[in-house]
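Student: Could you take one part of this model and go through it closely with me, then show me how the rest of the chain is held together? I'd like the cut-offs spelled out as you go.

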Amino acid sequence: MDEVVVERVLRAVELVPRGRLVSYGDLAALVGIGPRQVGSVMRHWGGNVTWWRVTNARGELPEHLRDEAAARWAAEGILLGRGGRGAPIGDYRADLAALATDWERACADLESSDP
């Protein structure tokens with residue numbers, strides 16, 4: 001995968017505010033790639049960013065990440081949903097317009113790349 005695209009995704013993740021969530025699709029729309037590509041970036045390179053703030057469209061994470069994410073969410077004031085598999089993303093979704101503005105500034109130094 002293109003290094004610039006990876007960096008754009010990771011910078012977006014780092015900009016998600018504490019106590020807020022975004023979906024793979026939210027990030028995909030921001031960066032201009034598909035949600036599965038965002039998932040691939042997170043799977044391969046997302047371990048050093050605030051990965052617990054990125055969920056699927058239902059606010060859930062893969063089972064192997066849930067316990068650690070739940071602890072991090074609790075520390076940030078994010079409550080688990082009724083099923084215990086994630087958080088109600090509608091209650092915690094980041095302000096996507098503000099995220100886009102911040103992300104454009106954060107990526108201004110990156111070379112142009114078509115995702």
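Tutor: Let's start with what counts as an element: helices (H or I, at least four residues) and strands (E, at least two) are DSSP runs, numbered from the N terminus. Keep in mind that this is a predicted model, in which local features need pLDDT of at least 70 and side-chain atom pairs count only at pLDDT 80 or more, while totals for chains, interfaces and linings use all residues. Residues are numbered from 1 along each chain as its sequence is written, and side-chain values use heavy atoms, with hydrogens and water left out.

The part to zoom in on is helix 4, residues 63–76. Its 14 residues reach 20 Å from the first C-alpha to the last, close to the 20 Å expected at 1.5 Å a residue (that expected span is 1.5 Å times one less than the number of residues). There is a bend, though, of about 30° at Ala-69; the bend at a residue is the angle between axes fitted to the seven residues ending there and the seven starting there. Ala-69 is also buried, along with Trp-73 and Glu-76. Buried means under 20% relative accessible area, exposed over 50%, and partly exposed in between, using a 1.4 Å probe and protein chains only. Strand 2 (54–55) is included in what covers the buried residues of helix 4, where contact means heavy atoms within 4.5 Å.

Glu-60 and Arg-85 meet through their side chains in a salt bridge (3.8 Å, N to O). Glu-60 sits in the loop between strand 2 and helix 4, and Arg-85 in the loop between helix 4 and helix 5 (89–92), so the pair ties together parts 25 residues apart in sequence. Glu-60 is buried at 13% relative accessible area, whereas Arg-85 is partly exposed at 46%. A salt bridge here is a side-chain nitrogen of Lys or Arg within 4 Å of a carboxyl oxygen of Asp or Glu.

The structure holds eight such salt bridges. One of them joins Asp-109 and Arg-11, with the closest N and O atoms 2.5 Å apart. This pair links distant parts of the chain: Asp-109 is in the segment after helix 6 (96–106) and Arg-11 is in helix 1 (residues 3–15), 98 residues apart. Asp-109 is exposed, at 59%.

Helix 1 leads us to its neighbour, helix 3 (residues 35–45). The two pack at an angle of about 80°, with their axes 10 Å apart; axes are lines fitted to C-alpha atoms, for helices over the stretch in contact, and angles run from 0 to 180 degrees between N-to-C directions. Helix 1 and helix 3 are therefore roughly perpendicular, a label for angles of 65 to 115 degrees, with under 35 roughly parallel, over 145 roughly antiparallel and the rest oblique. Val-6, Val-9, Leu-10 and Val-13 in helix 1 meet Val-38, Val-41, Met-42 and Trp-45 in helix 3.

Leaving aside residues up to four places away in sequence, Val-49 touches Leu-10, Val-13, Glu-14 and Met-42. Val-49 is buried, at 11%.
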